[in-house]
Amino acid sequence: MGATVVVREAASADIETAVALWTASHVARRNGRPLPEAHITLAQQRMAAPEALLLLAHGSVDDGSSNGSRGGGAGGADGTSGASGAGASSLIGTILGIQGLDQDGAGAPVPGLLHISLLSVAPDRWGQHVGRLLVEAVLTRARAGSFREAQLWTHADNLRANRLYKAMGFRRSGRVRVDDWGELLVHYRRSLTD
């Protein structure tokens, strides 16, 4: 009973749907304020980069019921049908892991550093631990590779994301910056060798 979430690596054919979900999630978090086309284009380029590790979470409802908690509908935000019933499945989350670069992405690669970005969850699945599953999956893959540390930036006012990262062992580094919307971003890091 309830929903099943499966995390898998994306293929090139998944990029358009992943970008649509990421966009819908961010628009919902910003109370309907649209994202500039340049932000959407950059997200698409980053997801499609050959060196990117793009993971997708798919939700399925195996019994066709909705219990208001974990078994709710999974579709809609990404343009998929979200139909319920046995085997119904839709994209419900994204996360990107890439080689961390010095100077906030403008410099040389930093050996052993994973940069996490583009975490998004379909708004109708917020609070159902999809984000946690995606972060765990990207960290597991990073540990299996040559990564020893992970970093990310998130909006200071995104309380849900900040709680998640703290609960998963990320700690604020003390670095902050203002994005091109004038919103405050905070930087997190965590060891992958613990």
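**Helix pairs and buried positions**

Let's start with a crossing. Helix 4 runs past helix 5, and the crossing is right-handed. A word on the source: this is a predicted model.

Now the partners in that crossing. On the helix 4 side, Gly131, Arg132 and Val135 make the contact. On the helix 5 side, Leu164, Tyr165 and Ala167 do. Sorted by class, this contact of helix 4 with helix 5 has 4 nonpolar residues, 1 polar and 1 charged.

Next, the geometry. Two packed helices are described by the angle between their axes and the distance between those axes. Helix 4 covers residues 130–144, and helix 5 covers residues 159–167. The two pack at an angle of about 45°. Their axes are 11 Å apart. That angle makes helix 4 oblique to helix 5.

Let me step back to the whole chain. How many helices and strands does the protein chain have? There are 5 helices and 7 strands. In sequence order, the pattern reads β-α-α-β-β-α-β-α-β-α-β-β. The chain has 194 residues, and 44% of them count as buried. Now take the contacts with a separation of 6 or more. Of these, 71% come from residues 24 or more positions apart.

On to helix 1, residues 15–29. Start with a length check. Helix 1 has 15 residues, and at 1.5 Å a residue it should span 21 Å. The expected span is 1.5 Å times one less than the number of residues. The end C-alpha atoms of helix 1 are 21 Å apart, which agrees.

Which residues of helix 1 are buried? The list is Ile15, Ala18, Val19, Leu21, Trp22, Thr23, Ser25 and His26.

Helix 1 has a packing partner, helix 2, at residues 37–48. Their axes come within 10 Å and cross at roughly 135°. Helix 1 and helix 2 are therefore oblique to each other. Here too I can give the hand: helix 1 passes helix 2 in a right-handed crossing. From helix 1, the contact takes in Ile15, Ala18, Val19, Trp22 and Thr23. From helix 2, it takes in His39, Ile40, Ala43, Gln44, Met47 and Ala48. By class, the residues of this contact of helix 1 with helix 2 are 8 nonpolar, 3 polar and no charged.

Look at the residues of helix 1 again. Ile15, Ala18, Val19, Trp22 and Thr23 sit in the contact with helix 2, and these five names are also on the buried list.

Is Ile15 buried or exposed? Its relative accessibility is 9%, so Ile15 counts as buried. Leave aside neighbours within four places in sequence, and Ile15 is in contact with Gln44, Met47, Ala48 and Leu54. Three of those names, Gln44, Met47 and Ala48, belong to the helix 2 side of the contact. Now Leu54. It is 39 residues from Ile15 along the chain, yet their C-alpha atoms are separated by 8.9 Å.

What follows helix 1? Asn31 does, and its phi is positive, near 55°. Asn31 is a residue other than glycine. It sits in the loop between helix 1 and helix 2. With a relative accessible area of 75%, Asn31 is exposed.

There is another positive phi to show. Asp104 has phi near 50°, again in a residue other than glycine. Asp104 lies in helix 3, residues 102–105. Its relative accessibility is 40%, so Asp104 counts as partly exposed.

First up, Gly100, in strand 3, residues 88–101. Its relative accessibility is 0%, so Gly100 counts as buried. What does Gly100 touch, not counting residues up to four places away in sequence? The answer is Ala108, Pro109, Val110, Leu113, Leu114 and His115. Ile116 is 16 residues from Gly100 along the chain, and the C-alpha atoms of the two are separated by 8.4 Å.

Last stop, Thr154. It lies in strand 5, residues 149–155. At 8% relative accessibility, Thr154 counts as buried. Setting aside neighbours within four places in sequence, Thr154 contacts Ala161, Asn162, Tyr165, Leu184, Leu185, Val186 and Tyr188.

One of those brings us back to the opening. Tyr165 is in contact with Thr154, and Tyr165 is also part of the contact that helix 5 makes with helix 4.

Terms used:
Residues are numbered from 1 along each chain as its sequence is written. This is a predicted model: local features need pLDDT of at least 70, side-chain atom pairs count only at pLDDT 80 or more; totals for chains, interfaces and linings use all residues. Side-chain values use heavy atoms; hydrogens and water are left out. Axes are lines fitted to C-alpha atoms, for helices over the stretch in contact, and angles run from 0 to 180 degrees between N-to-C directions. Helices (H or I, at least four residues) and strands (E, at least two) are DSSP runs, numbered from the N terminus. Angles under 35 degrees count as roughly parallel, over 145 as roughly antiparallel, 65 to 115 as roughly perpendicular and the rest as oblique. A crossing is left-handed if the near helix is turned anticlockwise from the far one by less than a right angle, and right-handed if clockwise. Contact means heavy atoms within 4.5 Å. Ala, Val, Leu, Ile, Met, Phe, Trp, Tyr, Cys and Pro count as nonpolar, Asp, Glu, Lys and Arg as charged, and the others, Gly among them, as polar. Buried means under 20% relative accessible area, exposed over 50%, partly exposed in between (1.4 Å probe, protein chains only).
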